[in-house]
Amino acid sequence: MNNIINNKLNWLKTNLFNNWYNSLLSTLSIIFIFWIFQGFANWLITLSQWEVVQVNLHLFLVGRFPKSLYWRIWVILAITTTLTSMTIGIFKQQKIFTKRDFSIAAFCGIIVLLILPLQAVDKIRLFAITILSLGGLFAGRKFPNKIKPWTSLIWLLSFPLILWLIGGGLGLKPVSTNFWNGLLLTLLMAIVSIVLSFPLGVLLALGRTSTLGIIHWFSILYIEIVRGLPLIGILFLAQVMLPLFLPENLRLDRLFRGIAGLTLFSAAYMAENVRGGLQSIPKGQIEAGKALGLNTPYIIIFIVLPQALKAVIPAIVGQFIGLFKDTSLLSLVGLVELTGMARSILAQPQFLGRYAEVYLFIGVIYWVFCYVMAITARKLETL
């Protein structure tokens with residue numbers, strides 16, 4: 001213990017108080033940080049009114065989704081958390097996630113369970129989902145070799161199941177997309193746009209590096225035009241102009257038009273990130289593949305792309321994080337996602353002026369999801 005304290009003191013002396021100039025700056029910085037923290041803590045404890053979050057928590061999370069059908073949301077939450085835990089359990093065998101990661105996750109989960117203003121029955125459901133997640137984690141760690149080959153297929157099959165539970169049909173009561181709001185819509189739009197923009201971006205990157213003139217120049221033209229336009233402009237164009245290219249009897253839902261705008265915009269930036277990875281691959285790798293008798297598609301799929309994508313994992317995840325936050329712009333085109341729902345809640349007469357509480361709450365939500373993506377990316381870099 002004494003050695004740890006001495007090391008900390010030596011670090012402070014070396015980095016913060018090694019001369020009079022740095023000592024003065026460090027002291028002033030500490031005083032300023034303490035002043036900011038004291039003011040924020042005073043507002044948080046004595047002045048803030050969190051009733052706006054407590055009363056409208058269901059609106060933040062699922063919007064106007066019918067309360068009688070909340071059981072579908074709980075089933076979706078159980079499916080996603082169980083599959084996520086199972087996948088993490090498989091990765092744990094490869095020493096990607098440590099016991100420290102699980103301890104932090106468990107601590108944060110307990111804190112969230114205690115502070116969320118949920119009813120007793122909802123907390124019981126969350127506890128049951130936690131048990132399922134632990135079961136998925138155990139299965140992933142205990143039987144990784146049997147489950148791993150099927151993991152991608154299970155995730156792929158779970159997605160249409162989740163969409164079916166949200167939208168209904170085929171035996172379930174249909175729910176209009178107008179009732180898909182709040183965090184539910186934000187996650188859905190972000191996940192679908194990420195899944196669609198990633199392969200499209202890879203194809204555009206390959207097209208830009210292609211020697212075929214038409215494909216090469218088409219990719220360059222698309223990437224440069226889209227990257228030169230603001231996202232809000234792309235979203236408005238998708239809402240207004242996309243129906244003009246469809247048959248008159250085909251009416252594309254506003255939600256799908258929003259997904260199209262996000263996907264087309266993100267794919268252009270994704271292409272440039274992937275192209276940077278492609279350029280980092282030595283030509284010797286391609287020549288070695290040709291020497292082994294592999295044709296061009298096999299060289300790209302099995303030699304070039306795995307190395308290129310791994311090299312640009314930070315840039316790709318940064319693009320995903322940006323896309324997740326960009327979903328907040330969907331409120332400007334009539335889609336009531338998390339930010340749009342916050343604006344609707346602030347319009348309630350009893351909560352007029354409660355901007356700080358509402359935007360701090362949704363800011364924490366955005367930060368949690370973005371931080372989880374960043375942590376996962378850093379872990380994937382160790383593969």
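This is a predicted model: local features need pLDDT of at least 70, side-chain atom pairs count only at pLDDT 80 or more; totals for chains, interfaces and linings use all residues.
**Notebook: a look around a helical model**

I began with Leu294, which is partly exposed at a relative accessible area of 33%; exposed means over 50%, buried under 20%, and partly exposed in between, with a 1.4 Å probe and protein chains only. Residues are numbered from 1 along each chain as its sequence is written, and side-chain values use heavy atoms, leaving out hydrogens and water.

**Entry: around Leu294**

I placed Leu294 in the loop between α13 and α14. Which residues does Leu294 touch, not counting those up to four places away in sequence? I found Gly289, Ile299 and Ile303, where contact means heavy atoms within 4.5 Å. I also checked Leu294 against Leu16: they are 278 residues apart in sequence, and their C-alpha atoms lie 57 Å apart in space.

**Entry: the whole chain**

I counted 17 helices and 0 strands in the protein chain. Both are DSSP runs numbered from the N terminus, helices being H or I with at least four residues and strands E with at least two. The C-alpha atoms fill a box of roughly 65 × 60 × 50 Å along the principal axes. Of the 383 residues, 36% count as buried. I then looked at contacts between residues at least 6 apart in sequence, and 75% of them join residues at least 24 apart.

On charges, I have 30 positive and 12 negative side chains, and the centres of the two sets lie 10 Å apart. Lys and Arg count as positive and Asp and Glu as negative, without His or the chain ends, and each charge is placed at NZ of Lys, CZ of Arg, CG of Asp or CD of Glu.

**Entry: the second largest pocket**

I read a volume of about 510 Å³ for the second largest pocket. Its lining has 15 residues, and Leu206, Thr209, Ile286, Ile300 and Val304 lie nearest its centre. The elements giving two or more residues to this lining are α12 (254–279), α13 (283–291) and α14 (296–311). A pocket here is an open set of points on a 1 Å grid over the protein atoms alone, where a 1.4 Å probe fits, with protein on both sides within 12 Å along at least five of seven lines; lining residues have an atom within 4 Å of a point. Points are joined across faces, edges and corners, and the volume is the space filled by probe spheres set on them.

**Entry: three more residues**

I found Leu170 in the loop between α8 (144–167) and α9 (182–208), exposed at 81% relative accessible area.

Gly363 sits in helix α17 (residues 355–380) and is partly exposed at 33%. I have 34 Å between the C-alpha atoms of Gly363 and Leu203, 160 residues apart along the chain.
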